Amino acid sequence: MRYQETMTAGKAVVECLKIEGVKHVFNVPGESFLAVLDELESQSEIELLSARHEGGAGFMAEGYAKVSGKVGVAMATRGVGGANISIAIHTAFQDSTPMVVFLGQVKREFREREGFQEVDFGRNFKEIAKWTVEISDAKRVPELVQRAFRVAQTGRPGPVVVSLPEDMLLDEALMTFGPPTQKSKPVPSPEELKKFEELLSKAERPIVIAGGGIRRSGAEDALVEFLDKYKLPVAAGYRRHDLINNEHEAYIGQFILSAPPSLIQHVKESDLVIALGTRLSEATSQDYSILPWGQSLVHVDIEASTIGKVYAPDLGIVSDLNSALKAFTKLDLDKNWSEWQAVCRRSFEKLVENPGDGSIYSEIARVIHDQLPEEAMLTMDAGNFASWFNTGFPLRRSNSLIAPTNGAMGYGLPAAVGAKHAVPDRPVIALCGDGGVMMTVQEIETSVRSKRPIVCIVFNNGKYGTIRMHQELHYPGKVIGTDIGNVDFAKMAEGMGAVGVKVENKEGFEGAFKEALSRNVTTLIDVRCHDVEHIVNGKTIRDLRSISVR
């Protein structure tokens, strides 16, 4: 439905948000977009949440978008706000998350004069945004803002930056609004289906790699039906292992930064790789090394430019993943690979049957797994603590984990706040290291103030653990820059209105976690790990020094 109405540009921005179905906006307020804030104040359809830092606001919007499947919306002011929120924009870009970020800009007459906090956002965000636009003419607000929403969520989704000059927002014009964005769902052609059937029928050891495109197209059920029909093994792309119940017979593991040798070997043994909704990133492809020459590749993605970007496929199909998988399942191919699937599955089961390494990390991961409600949502920060959750922590429900594939520290806590806005009735638990959480710990107050309670678990070892791991591997015993101070996160949380608890062992954690899940109040559990020898799952610092790769 199209309609016209005379109004200010600030009001037109909010009208576009309503048309596109936006319900939440995350921001740090700035004087350059007060006109938009004023229009948000006079309505009740959209909730505005002010974060404590633009990076936190951006992570909230990104986490909200990942969980809800909708466009995440964030606002920040001029160059300084844009600089702070850039970490979330980069995260959304590498995670293919639909976001629209509105940045206030200096007055139009001040442009090109290095005005107060002036930045050319088009040049600044060229490499990490899907599209950037500055609106200098008020009457074009509906056209360009609605285009921003369309660009953010069609094809390969990603972040779009919209720059709003302060004085432009006050201009009045006859605005022409269009209908909300409709995402296209292309399907494989008959010729592509015939070629796919030919490649699959000839394969002796086919293997599937499933990426984030499965979730974005709502294709989790279609993926399971496809795997069940042909009895194919499936490996998840990096931090995408919640696409399928990890206890399903088809699931054989996740491509973490250093994937298990058995998983890598099975992919190299395969004669056909079916890549679904994955860009075959550095992590998923194990430094772009996992597919040997002579191996057939079928690559299916919604974005044409993704296909062939890393490996030239024998068959590239531009399609909605849900549509493609349903079409593949309907093929008249009476063949399955149950024996090959079982071989791959047994390798995975050997990995996860290990009871753990005896560290507090391993013990707490097991407690969390055993006590975690089925409907719970996990957010995960960057850090070595994550290694205890990557393999031996089976996920049973789709859309139950969000984590940054670009390794952005500080993500876990604010993403949990954003996720809680998307799924207010589900428990949301943030898993963080002390290095990462300190970058956005102020958003505990945002969680309390917005009445979106979360549980934040901080593995507090007084180290930048991931960098320390690499340091010990390459420069054993030569430690500099990776030891950090001892912070009492429990007291810090209490000072922001949350419940803070310190624990030092599995027994203390069991009770603290159970109580945290039962509360309707944000709770931070500070797990004291300073004296723990383990630096990564199954390895101590002494172990790393003994296998130095320098």
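Author: On a 1 Å grid over the protein atoms alone, a cavity is a set of points where a 1.4 Å probe fits but cannot get out, while a pocket is an open set with protein on both sides within 12 Å along at least five of seven lines; lining residues have an atom within 4 Å of a point. Grid points are joined across faces, edges and corners, and a volume is the space filled by probe spheres set on the points. By this rule there is one cavity of 30 Å³ or more.

Please keep in mind that this is a predicted model, in which local features need pLDDT of at least 70 and side-chain atom pairs count only at pLDDT 80 or more, whereas totals for chains, interfaces and linings use all residues. Residues are numbered from 1 along each chain as its sequence is written, and side-chain values use heavy atoms, with hydrogens and water left out.

The largest cavity holds about 30 Å³ of space. Its lining is made up of G253, Q254, I256, P260, F348, L351, N390 and T391. Strand 11 (251-254) and helix 12 (338-352) are the elements that give two or more residues to this lining; helices (H or I, at least four residues) and strands (E, at least two) are DSSP runs, numbered from the N terminus. By class, the lining has four nonpolar, four polar and no charged residues. Here Ala, Val, Leu, Ile, Met, Phe, Trp, Tyr, Cys and Pro count as nonpolar, Asp, Glu, Lys and Arg as charged, and the others, Gly among them, as polar.

Now for the open space. The second largest pocket has a volume of about 560 Å³. It is lined by 26 residues, and P157, K183, R215, R216 and S217 are the closest to its centre. Helix 3 (54-68) and helix 8 (213-216) each give two or more residues to that lining, with helix 3 giving the most, four residues. The lining divides into six nonpolar, 12 polar and eight charged residues.

K183 also turns up among the contacts (heavy atoms within 4.5 Å) of Q153: leaving out residues up to four places away in sequence, Q153 touches E20, V71, P98, T181 and K183. Q153 belongs to helix 6 (residues 141-153) and is buried at 16% relative accessibility, where buried means under 20% relative accessible area, exposed over 50%, and partly exposed in between (1.4 Å probe, protein chains only).

Next come the nonpolar cores, each a set of buried Ala, Val, Leu, Ile, Met, Phe, Trp, Tyr and Cys residues joined through side-chain atoms within 4.5 Å. The largest has 55 residues, of which F226, L276 and F328 touch the most other members. Not counting residues up to four places away in sequence, F226 is in contact with F196, V208, L232, I274, L325, F328 and T329. There is also a second, separate core of 49 residues, including A408, A415, I444 and F489.

Finally, the cysteines. With a disulfide taken as a pair of cysteine sulfur atoms within 2.5 Å, the count is zero. C432 is buried, at 0% relative accessibility, but its sulfur lies 4.0 Å from the closest cysteine sulfur, in C456, so the two are too far apart for a bond. C529 is in no disulfide either, as its nearest cysteine sulfur, that of C432, is 13 Å away. C529 is buried too, with a relative accessible area of 1%.
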